[in-house]
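Try each task on your own before you read its solution.

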Amino acid sequence: MTFALRINGQTRPVDAPPDQPLLWVLREQLGLKGSKYGCGIGACGACTVHVDGQAVRACVTPVGAVGQASITTIEGLAGKASLHPVQQAWIEEDVAQCGYCQAGQIMAVVSLLAETPSPSDDEIDARLTNLCRCGTYTRIRAAIRRAAE
Ligand code: FES
């Protein structure tokens, strides 16, 4: 089945079964490899992208369910001339360790801050459920604080 995905400001045709996870379409058909495969069951968040501004886990989102919604991946987050403020805060707080989960973390944080511009620690803990095997959570929280300033 052919879909016209609205992604990162462009319309991109893709040919895939409707139940194929969006993550595979992004990575294998569109070459957008910033979104990572971690668990494949919606548990880790490495594959987090935005669909109409909402953070979703692309490994459990069928491509056929996206319709005409606007998809944003980490590749489409920055502006033409500058990084997104959350990306900038990530650099300034030197968040990444191995880096594998970080695109998903950033996408989840951008969505969190859009809904809750100055989240409490409890709100961060409750809503930011992406996993980091390197344990960069303290630096992630610092970057959230910096981006929220
Ligand atoms: Fe999608 Fe883990 S790979 S949540």
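**Exercise 1. A residue in a loop**

In which loop does Thr61 lie? Then decide whether Thr61 is buried, partly exposed or exposed.

*Solution.* Keep in mind that you are looking at a predicted model.

Step 1: Thr61 sits in the loop that runs between S4 and S5.

Step 2: Count the neighbours. Thr61 has 19 C-beta neighbours inside 10 Å. A residue needs 20 or more to be called buried, and 12 or fewer to be called exposed. Thr61 has 19, so it counts as partly exposed.

Step 3: List the contacts, leaving aside neighbours within four places in sequence. They are Pro21, Leu22, Val56 and Val66.

Step 4: From Thr61 to Leu32 is 29 residues in sequence, and their C-alpha atoms are 16 Å apart in space.

**Exercise 2. Strands side by side**

Find the strands that pair with S3, and say in which sense they run.

*Solution.* 

Step 1: Begin with S4. S3 and S4 pair in the antiparallel sense, over four bridges. As an example, Thr48 has Arg57 of S4 as its bridge partner.

Step 2: Look at the turn. S3 and S4 make a hairpin with two residues between them, and Asp52 in this turn has a positive phi of about 50 degrees.

Step 3: Move to S5, residues 70-72. S3 and S5 are joined by two bridges and run antiparallel. Here Val51 has Ile71 of S5 as its bridge partner.

**Exercise 3. Helix H1**

Which residues of H1 are buried, and what do they pack against?

*Solution.* 

Step 1: The buried residues of H1 are Leu22, Leu23, Val25 and Leu26.

Step 2: These buried residues pack against strand S2, residues 10-15.

Step 3: Follow the chain onward. Just after H1 comes Gly31, with a positive phi of about 70 degrees.

**Exercise 4. The largest nonpolar core**

*Solution.* 

Step 1: The largest nonpolar core has 36 residues, and among those with the most contacts inside it are Leu22, Ala58 and Met107.

Step 2: Find the suppliers. S1, H1, S4, H2, H3 and H5 each supply at least two residues of this core. The most come from H3, which gives seven.

Step 3: Draw the conclusion. Both domain 1 and domain 2 give residues to this core, so it lies between them.

Step 4: Check with Met107. Leaving aside neighbours within four places in sequence, Met107 is in contact with Thr48, Val49, His50, Ala55 and Ile74.

**Exercise 5. Confidence**

What is the mean pLDDT of the chain?

*Solution.* The mean pLDDT is 97, and 100% of the residues reach 70 or more. For the complex, the predictor gives an ipTM of 0.98 and a pTM of 0.97.

How values were computed: Residues are numbered from 1 along each chain as its sequence is written. This is a predicted model: local features need pLDDT of at least 70, side-chain atom pairs count only at pLDDT 80 or more; totals for chains, interfaces and linings use all residues. A nonpolar core is a set of buried Ala, Val, Leu, Ile, Met, Phe, Trp, Tyr and Cys residues joined through C-beta atoms within 7 Å. Domain bounds come from an automatic or database domain assignment. Two residues are in contact if their C-beta atoms, placed from the backbone, lie within 7 Å. pLDDT is the predictor's confidence in each residue, from 0 to 100. Two strands pair if DSSP finds at least two bridges between them.
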